[in-house]
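Colleague: Could we go through this model together? I would like to discuss the strands and then the ligand.

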Amino acid sequence: MEFKVIGVVSSPFTEKFGIPRQSGLCPSSWGTLVFEKEFSHPDVIRGLDGFSHLWLSFLFHENKNKDIRFVTRPPRLGGNERMGLWATRSPYRINPLGLSVVELENVEMINGRVVIHFKNHDLLNGTPIIDIKPYSVESDCIPHASCGWLERALPSGVIAVKWREPELKPANLRLLSLVEEMILLDPRPRYVKEETNNHFAMRVDSLDFHFIVEDSIATIVEVTK
Ligand code: SAM
């Protein structure tokens, strides 16, 4: 069985550090999916614009570690407990396929290519998309679903984000909100949290945002290109 890449995502998440762990957590994020030429016929998107949300199936194309482990240690449990692979949404899977529900902004044709603009996602820049399905409230929304170990996931270790000087704030307000949303989710790996070094740099779009965390307050101290 062979899968065809339908298109590739452009996203402000240009490195893995700081990307939200799921879609739906950074409403200010933006993304664009540009279809391959062979799938850019206007017929394929007929009726799509009536949907507010889409499922995107994608390849974890930037997985560096190719080892398959049947158990994984979810960061949201502090990284100490092991859970079976199928009880997690770890990127390191037998088949490296991801699934995210995203908010559709608009669909257009640009230079003969279908282009889908979306937001509120968790996809690295360059992610190959292999399938798209409309989100259906009727079949996909299960309000009484139980969520196993996720129900005791730890809260974020960051409760507020500050900018050391107002001049550090990007003029692009969407980027500013995105950076704050990402840091509020606490992107720090568990093992670093326990070390004394509390200085982190997170690349978003084309800027590096340097921040420190003290007493659960993150302060952005420097922004570099
Ligand atoms: N929502 C999807 C799912 O449940 O299948 C992805 C969940 S996975 C925990 C999300 C993480 O995958 C992100 O925080 C990012 O670090 C990583 N990621 C996103 N896109 C990727 C890609 N193309 N290749 C490798 N890792 C990626």
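Colleague: In which sense do strand 3 and strand 8 pair, and over how many bridges?

Modeller: Please note that this is a predicted model. Strand 3, residues 53-59, pairs with strand 8, residues 128-134, in the antiparallel sense, and five bridges link them.

Colleague: Which residue is the bridge partner of L56 in strand 8?

Modeller: The partner of L56 there is I132.

Colleague: What do the strands in the order 1-2-7-6-3-8 form?

Modeller: They form a closed barrel of six strands, and the pairing is antiparallel. On average, neighbouring strands of this sheet are turned by 45° against each other, with direction ignored.

Colleague: Through what do strands of a sheet pair in general?

Modeller: They pair through backbone hydrogen bonds, in either a parallel or an antiparallel arrangement.

Colleague: How many bridges join strand 10 to strand 11?

Modeller: Six bridges join them, and the two strands run antiparallel; strand 11 covers residues 207-214. As one example, R203 has D208 in strand 11 as its bridge partner.

Colleague: Now the ligand. How many residues surround it, and which are the closest?

Modeller: The ligand is surrounded by 19 residues, of which Q22, R89, L99, D122 and T127 are the closest. By type, the shell divides into eight nonpolar, six polar and five charged residues.

Colleague: What lies 2.6 Å from an oxygen atom of the ligand?

Modeller: That is a polar side-chain atom of R89.

Colleague: How much of the ligand's accessible area does the protein cover?

Modeller: On its own the ligand has 600 Å² of accessible area, and the protein covers 91% of that.

Colleague: Which elements give two or more residues to the shell around the ligand?

Modeller: These are strand 3 and strand 6, the latter being residues 97-110. Strand 6 supplies the largest share, with three residues.

Definitions and conventions. Residues are numbered from 1 along each chain as its sequence is written. This is a predicted model: local features need pLDDT of at least 70, side-chain atom pairs count only at pLDDT 80 or more; totals for chains, interfaces and linings use all residues. Side-chain values use heavy atoms; hydrogens and water are left out. Two strands pair if DSSP finds at least two bridges between them. Helices (H or I, at least four residues) and strands (E, at least two) are DSSP runs, numbered from the N terminus. Axes are lines fitted to C-alpha atoms, for helices over the stretch in contact, and angles run from 0 to 180 degrees between N-to-C directions. A residue is near a molecule or strand if one of its heavy atoms lies within 4 Å of it. A polar contact is a pair of N or O atoms within 3.5 Å; within protein, one must be able to donate a hydrogen and the other to accept it, and residues adjacent in sequence count only if both atoms are side-chain atoms. Accessible areas come from the Shrake-Rupley method with a 1.4 Å probe; for residues, only the protein chains shown count as cover. Ala, Val, Leu, Ile, Met, Phe, Trp, Tyr, Cys and Pro count as nonpolar, Asp, Glu, Lys and Arg as charged, and the others, Gly among them, as polar.
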